[in-house]
Amino acid sequence: MPPADHATASHLAAEVATQPDDWARAATIAADHQALLPQPGERLAVIGCGTSLFMSRAIAALREDAGQGLTDAWPASQVRGGRDYDRYLVICRSGTTTEVVSAMREIPSHIPRTVICSSPGTPVLELGDPILIDEVDEESVVQTRFATTTLAILRWHLGEDLGPAVEQARAVLAEDPAESLAGVRWAEQITFVGMGFAGALAEEAGLKLRESCQSWAESYLATEYRHGPISIAAPGRAVWALGPLIPDFAADVAATGAHLEHRDIDPMAELVRVHRLCVARAADLGLDPDHPRSLNRSVVLDQ
């Protein structure tokens, strides 16, 4: 198989494509595990690493915006001690990440902790109340459907109706990438921006491009973009906004000569568009997006 065919035949491409159905099923998962998920008014800490950290930040933003209670999101390697949490929510696809296992062992024994994982028989499942979603486990090192399905579970649990997001993602997957991604496919550099939970998904979008196709990608809160990062914008580069635009943002980007990519759809559905760009760019560059340079499925450290 020629190198350029890696991405089009990749696990990543196949896993990206299941997301709308995964999100729809997440409503049942949320209902079945309601007692293990954060309850209104609980003081919650959400922890994870990498992509799971960005999902933690998205969950924290959504939960606080919904008035459900104080919600902190911490990297598993830097969980803050001495805070009075009622519950921990742990996100870990592999179930073996050293920092996550260590953090869970340090949580005071009287505090409930729920862990969402897609890997059966792994250590984290024995250290908390498990929500195992192995139907969205992934062969690719690059996370997509596990992360977005975890977020979908929490969004359903918060009372959101994800039906429109599911349909928008299906529409995205039905598009011809050569047309729908024309404005960004060949961009020298892409900066992702968003606000609230879309800001966390912007961080995830940048990570996906760096992992899957070694692209120069950055991410910021949209309101912080004018405070320095806008200086990188130029013709041949792109700014990709997830979620609603803040006032005057389009005009500010236009003045730089950079391309502005934006659709008025749910930020999770827009993230699927980013996933499709990852697949397309990897194919263009002859890269294997399932096995990114210097990365493995789980970070397991010598101790």
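This is a predicted model: local features need pLDDT of at least 70, side-chain atom pairs count only at pLDDT 80 or more; totals for chains, interfaces and linings use all residues.
Residues are numbered from 1 along each chain as its sequence is written, and side-chain values use heavy atoms, with hydrogens and water left out.

Let's begin with helix H5, residues 145-157. Helices here are DSSP runs of H or I with at least four residues, strands are runs of E with at least two, and both are numbered from the N terminus. H5 has 13 residues and spans 18 Å from its first C-alpha to its last, close to the expected 18 Å; that expectation is 1.5 Å times one less than the number of residues.

How many of the residues of H5 are buried? The count is 12 of 13, where buried means under 20% relative accessible area, exposed over 50%, and partly exposed in between, using a 1.4 Å probe and protein chains only. Among them are Phe146, Leu151, Ile153 and His157. After H5 comes Gly159, with a positive phi near 95 degrees.

Next, please find helix H2 (residues 19-32) and helix H6 (residues 163-174), which pack with their axes 8 Å apart at an angle of about 170 degrees. Axes are lines fitted to C-alpha atoms, for helices over the stretch in contact, and angles run from 0 to 180 degrees between N-to-C directions. H2 is therefore roughly antiparallel to H6; under 35 degrees counts as roughly parallel, over 145 as roughly antiparallel, 65 to 115 as roughly perpendicular, and the rest as oblique. Contact means heavy atoms within 4.5 Å, and here H2 brings Pro20, Asp21, Trp23 and Ala24, while H6 brings Ala165, Val166, Ala169, Arg170 and Leu173.

Now for the rings. The structure holds 3 aromatic pairs, meaning rings of Phe, Tyr and Trp (its six-membered ring) with centres within 6.5 Å; planes under 30 degrees apart are stacked, over 60 edge-to-face, and the rest tilted. Tyr225 and Phe249 form a tilted pair, because their planes are at 50 degrees, with ring centres 5.5 Å apart. The two residues are 24 apart in the chain, Tyr225 in helix H9 (residues 222-225) and Phe249 in helix H10 (residues 249-256). Tyr225 is buried at 1% relative accessibility, and Phe249 is buried at 2%.
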